[in-house]
Amino acid sequence: MAEDRDPQRRSGAPQGEERAEEQREPSIEERRARRSAMRASQTYARFIDHLCERGGMSPAVAQQAAVSVLCGLEQRLYAEEAHDLEAQLPRKLTELLHRCERHDAESRPEKFGRDELLKQVGEDLALHPDAVEPVVRAVMDSVRHQISEGEAEDVSAQLPQDIRHLWLPTM
């Protein structure tokens with residue numbers, strides 16, 4: 001009687017292997033990896049949402065802007081400080097950042113100021129010069145929102161005054 005109620009038994013489908021696959025519990029390593037990936041995805045999504053809200057841009061533009069600004073910002077930092085900053089950023093963002101060609105510059109920090117940073121970001125995003133500074137500030141605000149106050153101060157201490165002006169929150 002119970003066999004008649006099971007559609008797989010009536011259809012003649014093999015049961016042993018399929019049911020074992022359906023009922024197999026993922027290992028603890030698989031569950032941890034899934035949770036880690038989900039947290040990483042959620043953290044990145046929150047970062048992009050904050051940037052979109054702060055900068056009034058689409059998620060695709062926000063992603064490009066974040067990579068461009070962070071790449072320029074990290075070029076101004078010593079490698080150790082850039083590593084410390086990245087340790088507090090969403091993993092997906094750091095993965096995207098490492099794909100940037102300029103990001104792998106050998107000598108750090110590079111010597112350039114605010115105007116060069118704005119020019120670089122403007123070219124990366126094909127923005128009118130007047131539109132670049134608000135985007136840079138939005139990214140920097142979103143990054144500061146993501147990292148500890150101590151790390152924000154460490155980054156600020158390594159920036160030249162004209163870029164530090166962009167990094168610090170506007171009052």
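The questions and answers that follow set values from this model against the definitions behind them.

This is a predicted model, in which local features need pLDDT of at least 70 and side-chain atom pairs count only at pLDDT 80 or more, while totals for chains, interfaces and linings use all residues. Residues are numbered from 1 along each chain as its sequence is written, and side-chain values use heavy atoms, with hydrogens and water left out.

Q: What elements make up the chain, and how many helices and strands are there?
A: Helices are DSSP runs of H or I with at least four residues, strands are runs of E with at least two, and both are numbered from the N terminus; by this rule the chain has 11 helices and 0 strands.

Q: How do you know that the length of helix 8 agrees with its number of residues?
A: The expected span of a helix is 1.5 Å times one less than its number of residues. Helix 8 (residues 114-125) has 12 residues and should therefore span 16 Å, and its end C-alpha atoms are 16 Å apart, which agrees. Just after helix 8, Ala 126 takes a positive phi of about 55°.

Q: Why is Arg 144 called buried?
A: Buried means under 20% relative accessible area, exposed means over 50%, and partly exposed lies in between, with a 1.4 Å probe and protein chains only. Arg 144 has a relative accessible area of 15%, so it is called buried. This residue lies in helix 9, and in the chain as a whole buried residues make up 36% of the 171 residues.

Q: What makes the pair Arg 144 and Asp 141 a polar contact?
A: A polar contact is a pair of N or O atoms within 3.5 Å; within protein, one must be able to donate a hydrogen and the other to accept it, and residues adjacent in sequence count only if both atoms are side-chain atoms. The side chains of Arg 144 and Asp 141 are joined by such a contact of 3.2 Å.

Q: Which residues does Leu 85 contact, leaving aside its neighbours within four places in sequence?
A: Contact means heavy atoms within 4.5 Å, and the residues in contact with Leu 85 include Leu 70, Leu 73, Val 143 and Val 155.

Q: Which buried residues does helix 8 have, and what do they pack against?
A: In helix 8, the buried residues include Leu 117, Leu 118 and Val 121, and its buried residues pack against helix 5 (59-75), helix 9 (129-146) and helix 11 (161-167).
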